[in-house]
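Subject: A structure for you to look at

Hi there,

Here is the structure I promised to pass on. Have a look at it first, and then read my notes below.

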Amino acid sequence: MIKTIDTGVFSEIGELEGVILHTPGKEVENMTPSNAERALYSDILNLSVAVEEYQQFSGVLEKVTQTYQVKDLLAEILEQPKIKLSLIEKICTYEQVLNIKEDLLELPATELARQLIEGVNLKTDSLTTFLSDDRYSLRPLHNFFFTRDASVTMYDKVLISKMANKVREREAIVMEAIFNHSSRFKTQTVNPLNFYNVGNETMIEGGDVQIAREDVLVIGNSARTSSQGIDFIVNQLKQKKERHYVVVQQLPDTPESFIHLDMVFTFLDKDACMVYEPLILKDSRYSTILITIDNGEVASIEKKANLISCLKDLGMDLKPICCGGSSDIWTQEREQWHSGANFFAMGPGKVLGYARNVYTMEEMNKNGFEIIKANDVISGQVDLAEYEKYVVTIGGSELSRGGGGARCMSMPVRRKPVKW
Ligand SMILES: NC(=O)NCCC[C@H](N)C(=O)O
């Protein structure tokens, strides 16, 4: 009997009750140095090492909460012929490969789910395909293990992202199909593509959207999330007719380690957050803007000094803990590059992050977080219930080369309310 849960995320830190994951598969290796950039990678991952590291991440989450794997969820919905047909038609139309539709329809659900993620090989049945440098009719979804980005559980609904790059668009199509059809989730999806006034400039990715509190969102205005994307979210919030705050943090377009807000800022606890200090606290070139929505309208839009003081004005007094420590800019830069600021909260003060960022971990420890190795949790040597405040560390030397960390690799579907 399948258990159905209502989706609901009203904070970044509430105790986790369900999370969607994707264990990296062949799609992370199915590229070459010359097309890695197109895949949005700065380097090519070694799959066996990446999987070993990932198992530390998923192993811990499996101990503390209900986990779901994208591939299983997808295979489950593809067992229904109508859904299979409509999803294949949608993907083939979208990616202009209607010629492979019949072949895909013949595949059993599990194999189809695998190919939709790992890529569908190009048939060499014509001179053009024979001469083509490409190997795929449908390219692999190289970045799907960053499940954070393609959809966002926002309060009681799920927002389907409008990805900035073509190479990640199918991820959003798959997530929408899962949330619309899986009997495991009771929810309502909101897809910008279904709104007549949404154009190409509208971009939203989950790495930029943080649910700070029931009435506060923090959103990165980045290379991946445009002002139009944020306006779309604001328009959705207006419908609630309640007072709501959207704090916008502008981000630079380069280097690629700044793609999303969660690469420079994450919530850790009711009273603490992780920051990349040079950008969040010291660089005045990137504005913080507060949008106040009230009674179904934008009541005001104003520039604020910085993200931390803006949140304080809204009643969220957070101590910033510095990625890479607070003394050496080179260390800060290096650890930020390796997703040192990208923590994922399993509950207030209970977070996951990469062990490789040793200066960041030292700083977390100085601020009262116990440092616990993932493998010790998985083996049962450490019982997390005995600790109040901790970071569980996972190996991240290989995974971080994909361009993200623990928050990027998790898509929470439900969290308990926080007792603020
Ligand atoms: N939330 C995140 O920061 N996700 C990381 C995404 C990395 C991926 N290579 C990308 O460029 O989209």
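In which loop does Gly395 lie? Gly395 is in the loop between strand S21 (390-394) and strand S22 (411-415). Before I go on, two notes on how to read all this. Residue numbers start from 1 along each chain, as its sequence is written. The model is predicted, so local features need pLDDT of at least 70 and side-chain atom pairs count only at pLDDT 80 or more, while totals for chains, interfaces and linings use all residues. As for the labels, helices (H or I, at least four residues) and strands (E, at least two) are DSSP runs, numbered from the N terminus.

Back to Gly395. Gly395 counts as buried because it has 21 C-beta neighbours inside 10 Å. (Buried means 20 or more other C-beta atoms within 10 Å of the residue's own, exposed means 12 or fewer, and partly exposed is in between; C-beta atoms are placed from the backbone.) Not counting residues up to four places away in sequence, Gly395 touches Glu53, Gln56 and Ala355. Contact here means that the C-beta atoms of two residues, placed from the backbone, lie within 7 Å. From Gly395 to Gly18 there are 377 residues in sequence and 23 Å in space, C-alpha to C-alpha.

Cys273 sits in strand S14 (residues 272-275) and is counted as buried because it has 25 C-beta neighbours inside 10 Å. Leaving aside neighbours within four places in sequence, the contacts of Cys273 are Phe265, Thr266, Phe267, Leu268, Leu318 and Pro320. The C-alpha atoms of Cys273 and Pro108 are separated by 45 Å, and the two residues are 165 apart along the chain.

Next, the helices. Axes are lines fitted to C-alpha atoms, for helices over the stretch in contact, and angles run from 0 to 180 degrees between N-to-C directions.

Helix H3 (residues 81-94) and helix H7 (residues 169-181) have axes that come within 11 Å and cross at roughly 160°. That makes H3 roughly antiparallel to H7. (Under 35 degrees is roughly parallel, over 145 roughly antiparallel, 65 to 115 roughly perpendicular, and the rest oblique.) In this pair, Ile83, Leu87, Lys90, Ile91 and Tyr94 of H3 meet Arg170, Ile173, Ala177 and His181 of H7. By class, this contact of H3 with H7 has six nonpolar, one polar and two charged residues. For the classes, Ala, Val, Leu, Ile, Met, Phe, Trp, Tyr, Cys and Pro count as nonpolar, Asp, Glu, Lys and Arg as charged, and the others, Gly among them, as polar.

H7 also meets helix H2: the axes of H2 and H7 come within 10 Å and cross at roughly 60°. Here Leu73, Leu74 and Ile77 in H2 face Val174, Ala177, Ile178 and His181 in H7. The contact of H2 with H7 has six nonpolar, one polar and no charged residues.

How do H2 and H5 pack? Their axes are 8 Å apart, at an angle of about 130°, and H2 and H5 are therefore oblique to each other. On the H2 side are Lys71, Leu74, Ala75 and Leu78, which meet Ala109, Thr110, Leu112, Ala113, Arg114, Leu116 and Ile117 in H5. By class, that contact of H2 with H5 has eight nonpolar, one polar and two charged residues.

Helix H5 (residues 109-118) has Leu112, Ala113, Leu116, Ile117 and Glu118 as its buried residues. These pack against helix H2 (70-78), helix H4 (101-106), strand S5 (136-138) and H7. After H5 comes Gly119, with a positive phi near 110°.

Tyr155 is not a glycine, yet has a positive phi of about 60°; its place is in the loop between strand S6 (151-154) and strand S7 (157-160). Tyr155 counts as partly exposed because it has 18 C-beta neighbours inside 10 Å. Ser339, also not a glycine, has a positive phi of about 60°, but Ser339 counts as buried, with 29 C-beta neighbours inside 10 Å. Finally, Thr254 and Pro255 are joined by a cis peptide bond, with omega about -5°.

Enjoy exploring!

Best wishes
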